[in-house]
Amino acid sequence: MSLIKLSDMLKNAQKNGYAVGYFEAWDTYSFEAVLEAAEEENSPVVLGFGGMTMHQDWLKRYGIAPLGHYGIKIIESSKIPAAFILNEVPKIEHIKSGIGTGFNTVMLDSSYLAFKQNVTITSKVVKLVKPYNIEVQAELGRLPTFGETSDGGLTDPDQAEEFVKKTGVDFLAVSIGNVHLQTNGSFNVDTLRLEKIREKVPVPLVLHGGSGFPNNVVDNVIKAGISLFHYGTAMKKAFLEETVKHLKKIPNKIDYQAFVGCRKATDILMPAKKAIKNIVKRQIKLYGSSNKAKLFKKG
Ligand SMILES: [Zn+2]
């Protein structure tokens, strides 16, 4: 059994001066790519699915439960310490339907709300899932989405303290200059703000928008208190680029019987899976969690 509580994983990370990554999957290929990358790096890892990256019609038809059941089976097939998150779902109903399916961490997308409303809905989520031993992440302040000109709303350290006290969340995602959906370009990271938040907030801090976050600042923010990075966009980009490259190799006239018969359709996705794996392994090294699986006792 390799599922462990995210709080236990992050406690270990804090104690030993590294961070871990949550690498957001959107299908079975990406999910398994993340697990295999973590195995090859012998690293603790956070696996999961994001409510905003799933196809909304699919989500309506099948719901959260199949993802939870699938994910937990895959996690249990491995010895790597892993936590399992249902990330940034738009509705509290999604969290309800994820309970008991395998996820041990949940996050409602509520950072766009005003402080008071965010406190109210996040407290509701905490109350809802606590009896099931599920932990909760929330975001205070808002990350800008790539292309947006404002800073979204940086996290205020005093508000962060109040937010964590009032809601009882286990993890707090912060906005300190990080950006959602950006894969390159410049960032204005406010490390001083992060240090102030760290002083006032007792729970582990999370940084979303990992894809374009500058490599040379990663160490600084880990030292200043970040113990989990959320990462996804660059994986999706690599997946698409690699898929397009291999699709172009298909001749115009396809013998479909031979094509399906020799499994070429799935073969196209294998190089794309490998591209994801390479990215995840690179990030694992950058966050310093390579080889840290050995720090966890076998359960
Ligand atoms: Zn995010």
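## A buried glutamate at the zinc site

Glutamate 88 has a relative accessible area of 11%, so it counts as buried (under 20% relative accessible area, with exposed over 50% and partly exposed in between, using a 1.4 Å probe and protein chains only). Before going further, note that this is a predicted model, in which local features need pLDDT of at least 70, side-chain atom pairs count only at pLDDT 80 or more, and totals for chains, interfaces and linings use all residues. Residues are numbered from 1 along each chain as its sequence is written, and side-chain values use heavy atoms, with hydrogens and water left out.

The zinc ion is coordinated by Glu88 through OE, His180 through NE2 and His208 through ND1, at 2.1 to 2.2 Å. Donors here are N, O and S atoms within 2.8 Å of the metal (3.2 Å for Na, K and Ca); water is not among the atoms, so sites may look incomplete. Along the chain, the spacing of these donors reads E-x91-H-x27-H. Glutamate 88 sits in strand 3 and histidine 180 in the loop between strand 6 (171–174) and helix 8 (191–200), so this pair ties together parts that are 92 residues apart in sequence. Helices (H or I, at least four residues) and strands (E, at least two) are DSSP runs, numbered from the N terminus.

## Helix 4 and its packing

Helix 4 covers residues 65–76, and its 12 residues reach 17 Å from first C-alpha to last, close to the 16 Å expected (1.5 Å times one less than the number of residues). Its buried residues are Leu67, Gly68, Gly71, Ile72, Ile74 and Ile75. Viewed down the axis of helix 4, they fall within an arc of 160°, so they line one face of the helix; the arc is that of the directions from the helix axis to the C-beta atoms.

What do the buried residues of helix 4 pack against? Their partners are helix 2 (28–41), strand 2 (45–50), helix 3 (56–62) and strand 3 (82–89).

## The whole protein

The protein has 12 helices and 8 strands. Its radius of gyration is 19 Å, close to the 19 Å that the globule rule gives for 299 residues, so it is as compact as a globular protein of that length (taken over C-alpha atoms; the rule is 2.2 Å times the number of residues to the power 0.38). The C-alpha trace spans about 65 × 40 × 40 Å along its principal axes.

Buried residues make up 54% of the 299 residues.

Methods: Contact = heavy atoms within 4.5 Å.
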